[in-house]
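Q: I would like to go through a structure with you, with a few quick questions as they occur to me. Could you show it first, please?

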Amino acid sequence: PLSRERIEALQEGGVGAVVTVPLFARGDLLGALILAVEDKEGPAAEQRQILQEMADEMAVGMQQVRLQQAVQEHTERLEEMVRRRTRALRASEARFRSTLENAAIGIALLDEDGQILMSNPALQQTVGYDRGELQGMRFSELMYPDDRESDQALYGKMVTGELDLYEVEKRLMRKDGQVRWGLLTISRARRGSTMVRQAIAMVQDITEQKRAQEALIESE
């Protein structure tokens, strides 16, 4: 509102009346349109109607500006959130890749169909395939033919949530035809606290232990 001093100054300048028209938009008071007129009686009814229409249009315009600002601020917050999550995801992927590359045992990331998405050098050395050859292969293709069916049944239960993980000993077929024994631990992958329809396969080559056991049995 105008101060008393301001009103007196306007009157001294020849202002007869001050008209205040509130600016409402959707029930919210956004401000007021204040007009100084020479006539002490103020504007006529028609003029007041025109002023009210002007005030309504101004209020709508002000509301639109506020909404645009709110949308812009919300968009900026979302973009910043996406940037932070992207940075966190990249950092998480970098840590996972570092663990994958430097692990002493074979590791592979599998999709819900059991196809290999990523593999590490230890697994590649165990089965004799390089990274490019393993990518896209079904993990069960690395197993001895007689062992594949039982593994696929277990993997299906894990993907559907009946199992969180399973551990088995399986014969593995190397690319050169050699048969190796592996201790396989297959677990469902997590993203934070959420289970995803992927799995992590860990393979420990236990061929030498198996041969030692067999030799011990034969000697006994």
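**Salt bridges, pocket and core**

Q: How far apart are arginine 83 and glutamate 80 in helix α2?
A: Arginine 83 and glutamate 80 are 3 residues apart in helix α2 (residues 45-102), which places about one helical turn between them. Helices (H or I, at least four residues) and strands (E, at least two) are DSSP runs, numbered from the N terminus. Please note that this is a predicted model, in which local features need pLDDT of at least 70 and side-chain atom pairs count only at pLDDT 80 or more, while totals for chains, interfaces and linings use all residues. Residues are numbered from 1 along each chain as its sequence is written, and side-chain values use heavy atoms, with hydrogens and water left out.

Q: What does arginine 83 form with glutamate 80?
A: They form a salt bridge, with the closest N and O atoms 2.8 Å apart. The term denotes a side-chain nitrogen of Lys or Arg within 4 Å of a carboxyl oxygen of Asp or Glu.

Q: How accessible is arginine 83?
A: Arginine 83 is partly exposed at 41% relative accessible area. Glutamate 80, at 27%, is partly exposed, and arginine 84 is partly exposed at 44%. Here buried means under 20% relative accessible area, exposed over 50%, and partly exposed in between (1.4 Å probe, protein chains only).

Q: How many salt bridges does the structure hold?
A: There are 10 in the structure. One of them joins arginine 171 and aspartate 147, at 3.2 Å from N to O. This pair links distant parts of the chain, 24 residues apart: arginine 171 is in strand β5 (residues 165-173), and aspartate 147 is in the loop between α4 (131-134) and α5 (148-159).

Q: Is aspartate 147 buried or exposed?
A: Aspartate 147 counts as buried, at 12% relative accessibility, whereas arginine 171 is partly exposed at 24%.

Q: Changing topic: which residues lie nearest the centre of the second largest pocket?
A: They are Asp113, Gly114, Arg138, Gln152 and Tyr155, out of 14 lining residues. On a 1 Å grid over the protein atoms alone, a pocket is an open set of points where a 1.4 Å probe fits, with protein on both sides within 12 Å along at least five of seven lines; lining residues have an atom within 4 Å of a point.

Q: Which element gives the most to that lining?
A: Helix α5 does, with 5 residues.

Q: And the largest nonpolar core, how many residues has it?
A: It has 22 residues, and Leu110, Leu134, Phe139, Leu142, Tyr155, Leu184 and Ile186 have the most contacts inside it. Elements giving two or more residues to this core include α5, β5 and β6 (179-191). Such a core is a set of buried Ala, Val, Leu, Ile, Met, Phe, Trp, Tyr and Cys residues joined through side-chain atoms within 4.5 Å.

Q: What is leucine 142 in contact with?
A: Leaving aside neighbours within four places in sequence, leucine 142 is in contact (heavy atoms within 4.5 Å) with Ile116, Val127, Tyr129, Leu134, Met137, Arg171, Leu172 and Met173. A second, separate core of 9 residues includes Val19, Val21, Leu23 and Leu51.
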